[in-house]
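Subject: Structure handover

Hello,

Here is the structure I promised to pass on. Please open it first, then read my notes below.

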Amino acid sequence: MKIFKSILNTIPRPWLIKASYIVRPVISWYLRGDKFTDPIDGRSFRKFLPYGYGKQRENALSPSTLSLERHRLMWLFLKDNTTFFTATKKLKVLHIAPEQCFLDIFRKQQNLNYITSDLESPIADVKADICDLPFKENEFDVVFCNHVLEHISNDTKAIQELYRVLKPGGFGIFQIPQDLSKAITFEDNTITDRKERAKLFGQYDHVRVYGRDYFDKLRSIGFKVDEVDYTKKITLDKIEKYCLMKNEILPVCYKL
């Protein structure tokens with residue numbers, strides 16, 4: 001666990017992404033088993049990997065897809081509650097800071113025109129600032145932006161851009177690390193020490209901890225927001241089998 005924690009906190013994310021393509025097949029082979037299953041690719045393992053910049057979560061990271069709890073939850077929601085995988089009309093999809101666990105699968109889907117964007121990620125198609133996206137208004141049917149906004153100083157501008165590029169009638173999922181015990185989002189730009197930021201915000205490169213008011217912030221930009229606690233619709237045995245995090249909220253946003 002200490003090794004994984006040290007790696008996450010010292011090696012830049014773009015390097016980790018590149019290295020993972022080499023290391024992942026070896027780890028997947030070593031951890032093969034039948035106790036836990038990644039619903040994204042259906043592969044099973046005797047254990048998942050720990051993950052976390054501060055306190056490590058056991059059985060969080062899938063060895064095969066590198067999905068975390070939030071990714072597996074989103075996959076199940078998309079599969080069971082949307083036409084994302086089955087739509088006969090081609091969907092134009094924008095994925096900000098694309099996660100590896102989805103990248104290859106979404107790219108291969110015949111019903112998607114799938115575009116990825118990020119300022120630094122080596123696997124993104126379009127290098128762009130989320131606060132100034134190089135896309136037309138009302139261009140995308142679906143927009144994903146997961147665990148990005150907590151890194152962005154002007155998150156209001158970023159959310160406005162997500163709203164601008166989404167088509168009326170389209171939907172987005174904008175996950176963030178959230179402390180549901182807090183009513184109000186906490187941020188303090190005067191804190192610059194990396195260790196103190198990690199202690200207060202969860203990671204050294206986060207600029208805030210979102211509270212329950214995050215959903216209202218999305219609504220203030222214009223989105224209709226469904227606060228979906230999807231784990232309540234999943235049986236306990238599957239929550240354990242898929243290594244999901246109970247009571248995690250999916251912010252599913254619609255542009256009317």
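A nonpolar core here is a set of buried Ala, Val, Leu, Ile, Met, Phe, Trp, Tyr and Cys residues joined through side-chain atoms within 4.5 Å. Buried means under 20% relative accessible area. Please keep in mind that this is a predicted model.

**The cores**

The largest nonpolar core has 30 residues. Inside it, the residues with the most contacts are F84, F106, F144, I173 and L250. Two or more residues come from each of α3, β5, α4, β6, β8 (140–145), β9 and β11. The largest share is from α3, with 6 residues.

**F106 and the rings around it**

Look at F106 next. F106 is buried, with a relative accessible area of 0%. What is F106 in contact with, leaving aside its neighbours within four places in sequence? The list is W75, L78, F84, F85, H95, L112, Y114 and F144.

Ring pairs also link W75, F84, F85, F102, F106, Y114 and F144 into a cluster. The count of aromatic pairs comes to 18. In one of them, the rings of F84 and F106 have their centres 5.0 Å apart. Their planes are at 65°, and over 60 degrees counts as edge-to-face, so this pair is edge-to-face. The two residues come from distant parts of the chain, 22 residues apart. F84 sits in the loop between α3 (69–81) and β5, whereas F106 is in helix α4. F84 is buried too, with a relative accessible area of 1%.

Another pair joins F171 and Y254. Their ring centres are 6.4 Å apart and their planes are at 45°, so the pair is tilted. F171 lies in strand β9 (residues 166–173) and Y254 in strand β11 (residues 250–254), so the pair ties together parts that are 83 residues apart in sequence. Y254 is partly exposed at 26%.

Two lysines lie over ring faces. K92 is over the face of F140, at 5.4 Å from the ring centre. K255 is over the face of Y163, at 4.6 Å from the ring centre.

**Strand β6 and its partners**

Strand β6 covers residues 112–118. Of its 7 residues, 6 are buried, so β6 is largely enclosed by the rest of the structure. Strand β5 (residues 91–96) runs parallel to β6, and 6 bridges join them. I96 stands opposite S117 of β6. Between the two strands comes a helix: β5, helix α4 (residues 100–108) and β6 make a right-handed β-α-β unit. Strand β7 (residues 126–127) also pairs with β6, in the parallel sense, over 2 bridges. Here S117 stands opposite V126.

**Strand β11 and its partners**

In β11, 4 of the 5 residues are buried, so this strand is also largely enclosed by the rest of the structure. Its pairings run antiparallel: β9 joins β11 through 3 bridges, and strand β10 (residues 224–228) joins β11 through 5 bridges. G172 has C253 as its bridge partner in β11. D226 stands opposite V252 in β11.

Best wishes

Notes:
Residues numbered from 1 in each chain as written. Predicted model: local features only at pLDDT ≥ 70, side-chain atom pairs only at ≥ 80, totals over all residues. Heavy atoms only, no water. Buried < 20%, exposed > 50% of the residue type's maximum accessible area, 1.4 Å probe, protein only. Pairing = 2+ DSSP bridges. Right-handed = clockwise from strand over helix to strand, strands pointing away. Phe/Tyr/Trp six-rings, centres within 6.5 Å; stacked < 30°, edge-to-face > 60°. Lys NZ or Arg CZ within 6 Å of the ring centre and 35° of its normal. Contact = heavy atoms within 4.5 Å.
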